[in-house]
Amino acid sequence: MSMREYIINNFKEDSIDSIKTSIEDCIASNEEDPLFGLGVLFELAWKNSNDEFKQNALNNIKKALN
(Lines give C-alpha, C1' and ligand atoms only; values in the text may rest on other atoms or scores of the structure.)
Protein backbone atom coordinates (compact mmCIF):
# COMPACT_ATOMS: atom_id res chain seq x y z
CA MET A 1 0.00 0.00 0.00
CA SER A 2 1.38 3.40 -0.95
CA MET A 3 1.46 6.34 1.45
CA ARG A 4 -1.24 8.02 -0.64
CA GLU A 5 -3.53 4.98 -0.30
CA TYR A 6 -2.75 4.75 3.42
CA ILE A 7 -3.72 8.37 4.01
CA ILE A 8 -6.91 8.07 1.95
CA ASN A 9 -7.91 4.90 3.82
CA ASN A 10 -7.10 6.57 7.13
CA PHE A 11 -9.60 9.38 6.48
CA LYS A 12 -12.19 7.48 4.43
CA GLU A 13 -14.62 6.84 7.31
CA ASP A 14 -13.99 10.12 9.19
CA SER A 15 -16.63 12.79 9.59
CA ILE A 16 -16.18 16.25 8.11
CA ASP A 17 -15.53 17.63 11.59
CA SER A 18 -12.89 15.00 12.24
CA ILE A 19 -11.14 15.76 8.94
CA LYS A 20 -11.26 19.49 9.71
CA THR A 21 -9.77 18.90 13.16
CA SER A 22 -7.01 16.74 11.69
CA ILE A 23 -6.13 19.43 9.15
CA GLU A 24 -6.11 22.17 11.78
CA ASP A 25 -4.01 20.04 14.17
CA CYS A 26 -1.48 19.31 11.41
CA ILE A 27 -1.15 22.98 10.57
CA ALA A 28 -0.91 24.02 14.23
CA SER A 29 1.85 21.48 14.90
CA ASN A 30 4.28 23.29 12.57
CA GLU A 31 5.84 19.89 11.84
CA GLU A 32 6.89 18.87 8.36
CA ASP A 33 5.84 15.21 8.52
CA PRO A 34 2.08 15.92 8.20
CA LEU A 35 2.63 17.99 5.05
CA PHE A 36 2.51 14.91 2.84
CA GLY A 37 -0.91 13.99 4.23
CA LEU A 38 -2.16 17.51 3.69
CA GLY A 39 -0.83 17.34 0.15
CA VAL A 40 -2.83 14.17 -0.50
CA LEU A 41 -5.99 15.82 0.84
CA PHE A 42 -5.33 18.88 -1.34
CA GLU A 43 -4.80 16.61 -4.35
CA LEU A 44 -8.19 14.96 -3.73
CA ALA A 45 -9.89 18.33 -3.36
CA TRP A 46 -8.23 19.62 -6.54
CA LYS A 47 -9.18 16.58 -8.60
CA ASN A 48 -12.80 16.79 -7.45
CA SER A 49 -13.26 20.54 -7.84
CA ASN A 50 -14.55 22.87 -10.48
CA ASP A 51 -12.55 25.69 -12.04
CA GLU A 52 -13.98 28.26 -9.62
CA PHE A 53 -12.71 26.33 -6.57
CA LYS A 54 -9.32 25.89 -8.21
CA GLN A 55 -9.04 29.59 -9.02
CA ASN A 56 -10.02 30.51 -5.45
CA ALA A 57 -7.43 28.08 -4.09
CA LEU A 58 -4.75 29.55 -6.36
CA ASN A 59 -5.72 33.10 -5.37
CA ASN A 60 -5.56 32.18 -1.67
CA ILE A 61 -2.19 30.51 -2.08
CA LYS A 62 -0.76 33.46 -3.99
CA LYS A 63 -2.18 35.89 -1.41
CA ALA A 64 -0.63 33.89 1.44
CA LEU A 65 2.75 33.87 -0.32
CA ASN A 66 2.81 37.67 -0.41
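Predicted model: local features only at pLDDT ≥ 70, side-chain atom pairs only at ≥ 80, totals over all residues.
Helix 3 spans residues 35–47. It contains 13 residues, and the distance from its first C-alpha to its last is 18 Å, close to the 18 Å expected at 1.5 Å a residue. Four of its positions deserve attention for their burial: Gly37, Leu38, Val40 and Leu41 are the buried residues of this helix. Because they cover an arc of only 155° around the axis, these residues lie on the same side of helix 3. Their packing partners are helix 1, residues 3–11, and helix 2, residues 16–29. On the other side of helix 3, the residues Leu35 and Lys47 are exposed.

Gly39 also belongs to helix 3. Its relative accessible area is 35%, so Gly39 is classed as partly exposed. In sequence, Gly39 stands 37 residues from Ser2, and the two C-alpha atoms are 14 Å apart in space.

How many salt bridges does a search of the whole structure find? The search returns 2. One of them joins the side chains of Arg4 and Glu43, with an N to O distance of 2.7 Å. This pair links distant parts of the chain, since Arg4 lies in helix 1 and Glu43 in helix 3, 39 residues apart. Arg4 has a relative accessible area of 39% and is therefore partly exposed. Glu43 is likewise described as partly exposed, at 23% relative accessibility.

Glu43 also forms a salt bridge with Lys47, where the closest N and O atoms are 3.5 Å apart. Both Glu43 and Lys47 lie in helix 3, and their spacing of 4 residues amounts to about one turn of the helix. Through shared partners, the salt bridges join Arg4, Glu43 and Lys47 into one network. Lys47 has a relative accessible area of 61%. Why does Lys47 count as exposed? The class applies to residues over 50% relative accessible area, and the 61% of Lys47 therefore places this residue in it.

Helix 3 also carries an aromatic pair. A search of the whole structure finds 1 such pair. It is formed by Phe42 and Trp46, whose ring centres are 5.8 Å apart; their planes meet at 40°, so the pair is tilted. In helix 3, Phe42 and Trp46 are 4 residues apart, which means that about one helical turn separates them. Phe42 is partly exposed at 38% relative accessibility, and Trp46 is partly exposed at 27%.

Trp46 leads on to the last residue of this account. When neighbours within four places in sequence are set aside, Lys54 is in contact with Trp46 and Ser49. Is Lys54, then, buried or exposed? Lys54 is buried, yet it has no salt bridge. The nearest side chain of opposite charge is that of Asp51, 4.8 Å away.

How values were computed
Residues numbered from 1 in each chain as written. Heavy atoms only, no water. Buried < 20%, exposed > 50% of the residue type's maximum accessible area, 1.4 Å probe, protein only. Lys, Arg positive; Asp, Glu negative; His and termini not counted. Salt bridge = Lys/Arg side-chain N within 4 Å of Asp/Glu carboxyl O. Contact = heavy atoms within 4.5 Å. Helix = DSSP H or I, 4+ residues; strand = E, 2+ residues; numbered from the N terminus. Phe/Tyr/Trp six-rings, centres within 6.5 Å; stacked < 30°, edge-to-face > 60°. Expected span 1.5 Å × (residues − 1). Arc of directions from axis to C-beta.
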